[in-house]
Amino acid sequence: MAIAALGPEILEELRLGSSSHAIPPVLDDLALAIERECPVADGEVPSSTAVWVGRLRRIGRAKLNVWGLSALADDAELLISELVTNGFKHGTERQIIFRLVIGVDVVVLEVDDGSPALPQLRDAGPDAINGRGLFIVDALAASWGVSSDGTRTWCALKVPEKKRRS
């Protein structure tokens with residue numbers, strides 16, 4: 001699986017808040033390909049794969065801290081957990097691609113899991129053990145979506161006004 005250029009969904013998010021139609025500068029663009037073991041019969045992600053969720057959370061926090069965006073780190077860590085775990089559980093490729101794009105006005109998180117099946121925002125019951133991932137993404141992110149081919153799920157966090165660079 002090759003790492004794709006910025007998709008139209010991410011480009012549109014980067015344009016948010018921009019006074020022109022030009023794409024504001026991307027300050028940082030990190031893409032990591034993670035090899036995964038297929039989930040076991042009950043949908044559980046093997047621990048050798050699940051360990052990457054914590055690693056990617058720490059990497060995301062470190063990147064945000066470097067750019068002075070520590071205020072977004074807690075939400076970003078939770079969003080990373082949800083998107084990456086969904087990618088590990090539902091992906092169809094041997095690897096997933098995790099991407100973190102830091103723009104002037106927005107931080108975009110994306111996971112490409114190769115699966116064309118569209119993720120569904122579900123209403124999990126109070127006793128359900130899982131099924132709240134996209135509900136959490138919807139609650140925390142300024143916006144989220146799925147690529148036109150269904151393989152990439154992304155979400156965006158707005159950079160606080162005082163941290164925006166011109």
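Predicted model: local features only at pLDDT ≥ 70, side-chain atom pairs only at ≥ 80, totals over all residues.

Colleague: Which residues is Val84 in contact with, and what makes a pair a contact?

Modeller: Leaving aside neighbours within four places in sequence, Val84 is in contact with Val53, Leu56, Ile96, Phe98 and Val111. Residues are numbered from 1 along each chain as its sequence is written, and side-chain values use heavy atoms, with hydrogens and water left out.

Colleague: What makes a set of residues a nonpolar core, and which residues have the most contacts inside the largest one?

Modeller: Such a core is a set of buried Ala, Val, Leu, Ile, Met, Phe, Trp, Tyr and Cys residues joined through side-chain atoms within 4.5 Å. The largest has 28 residues, and Leu64, Val84, Phe98, Val107 and Leu109 have the most contacts inside it. Among the elements that each supply at least two of its residues are strand 1 (26-35), helix 2 (47-66), helix 3 (73-90) and strand 2 (95-103). Helix 3 gives the most, with 7 residues. Helices (H or I, at least four residues) and strands (E, at least two) are DSSP runs numbered from the N terminus.

Colleague: Why is Ala76 called buried?

Modeller: Buried means under 20% relative accessible area, exposed over 50%, and partly exposed in between (1.4 Å probe, protein chains only). Ala76 has 2%, so this residue counts as buried. Ala76 sits in helix 3 and is in contact with Leu64, Leu109 and Leu157, its neighbours within four places in sequence aside.

Colleague: How do you know that the buried residues of helix 4 lie on the same side?

Modeller: The buried residues there are Gly133, Leu134 and Val137. They cover an arc of only 90° around the axis, which puts them on the same side of helix 4; the arc is taken from the directions from the helix axis to the C-beta atoms. Phe135 and Ala139 are exposed on the other side.

Colleague: Why is the pair of Glu35 and Arg94 called a salt bridge?

Modeller: The rule asks for a side-chain nitrogen of Lys or Arg within 4 Å of a carboxyl oxygen of Asp or Glu. Glu35 and Arg94 come to 3.9 Å, N to O, so the pair qualifies. Glu35 lies in strand 1 and Arg94 in the loop between helix 3 and strand 2, so the pair ties together parts 59 residues apart in sequence. By this rule the count comes to 7 salt bridges.

Colleague: What links Arg61 to Asp74 and to Glu77?

Modeller: Salt bridges again: Arg61 pairs with Asp74 at 2.4 Å and with Glu77 at 2.9 Å. Arg57, Arg61, Asp74 and Glu77 are linked in a network of these bridges. Glu77 has a relative accessible area of 13%, so it counts as buried.

Conventions. Contact = heavy atoms within 4.5 Å.
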